[in-house]
Amino acid sequence: MVNVQFVTTEGNTVSAQAEPGTRLLEVAQAAGMPLEGTCEGQMACSTCHVYLSDEWFDKVEPASMDEEDMLDLAAGVARTSRLSCQIELTEDLDGIEVRIPGVSRDMQIG
């Protein structure tokens, strides 16, 4: 199992576990994190935007150009921003820390 630590906008930590190969978005939603994932992982929105800690940002596969383009639409983008639907959990990511942004953009509203 891969352990994931979600840090909420209030600063609380929520722990979750998932099988390797699971997408981070699925784990976040199962743990009750407020990530819409409107496009259901098709990388057609940015409603699953998260921040990775510096330590973990360099350990995940780099973002594709398509993901970078979608991140341009996310609210509050930072250097360590990623789309959680594009991160596949591996054993190397055991213990990853993920921060939930305080702002989001609902792509259905605009």
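Leaving aside its neighbours within four places in sequence, which residues is L52 in contact with? They are F57, V60, T80, R82, I87, I96, E97 and V98, where contact means heavy atoms within 4.5 Å.

## What you are looking at

This is a predicted model, so local features need pLDDT of at least 70, side-chain atom pairs count only at pLDDT 80 or more, and totals for chains, interfaces and linings use all residues. Residues are numbered from 1 along each chain as its sequence is written, and side-chain values use heavy atoms, with hydrogens and water left out.

## The overall layout

The protein has three helices and five strands. Both kinds of element are DSSP runs numbered from the N terminus: helices are H or I with at least four residues, strands are E with at least two. Going along the sequence, the pattern reads β-β-α-β-α-α-β-β. The radius of gyration is 13 Å, close to the 13 Å that the globule rule gives for 110 residues, so the protein is as compact as a globular protein of that length. That radius is taken over C-alpha atoms, and the rule is 2.2 Å times the number of residues to the power 0.38.

Along the principal axes, the C-alpha atoms fill a box of roughly 35 × 30 × 25 Å. Of the contacts with a separation of 6 or more, 66% are between residues 24 or more positions apart.

Five strands make an open sheet with mixed pairing, in the order 2-1-5-3-4. Two strands pair if DSSP finds at least two bridges between them. At the edges sit strand 2 (13-18) and strand 4 (81-83), each pairing on one side only. On average, neighbouring strands are turned by 35° against each other, direction ignored; the axes are lines fitted to C-alpha atoms, and angles run from 0 to 180 degrees between N-to-C directions.

Strand 1 (residues 2-7) pairs with strand 2 in the antiparallel sense over six bridges.

## The core

Which residues touch the most other members of the largest nonpolar core? They are V4, F6, L24, L89, I96 and V98, out of 27 residues. Such a core is a set of buried Ala, Val, Leu, Ile, Met, Phe, Trp, Tyr and Cys residues joined through side-chain atoms within 4.5 Å. At least two residues each come from strand 1, strand 2, helix 1, strand 3, helix 3 (65-71) and strand 5 (96-99). Helix 1 supplies the largest share, four residues. In soluble globular proteins, nonpolar side chains tend to be buried together.

Leaving aside neighbours within four places in sequence, L24 is in contact with V4, F6, V50, S84, I87, L89 and V98.

V50 is buried, with a relative accessible area of 1%, and L52 is buried at 3%. Beyond its neighbours within four places in sequence, V50 is in contact with residues including L24, L35, T80, R82, V98 and I100. V50 and I100 are 50 residues apart along the chain, and their C-alpha atoms are separated by 5.3 Å. For L52 and Q86, 34 residues apart along the chain, the C-alpha separation is 13 Å.

M43 belongs to the loop between helix 1 (24-30) and strand 3. M43 counts as buried, at 17% relative accessibility. The phi of M43 is near 55°, a positive value in a residue other than glycine. Most residues other than glycine have a negative phi.

Terms used
Buried < 20%, exposed > 50% of the residue type's maximum accessible area, 1.4 Å probe, protein only.
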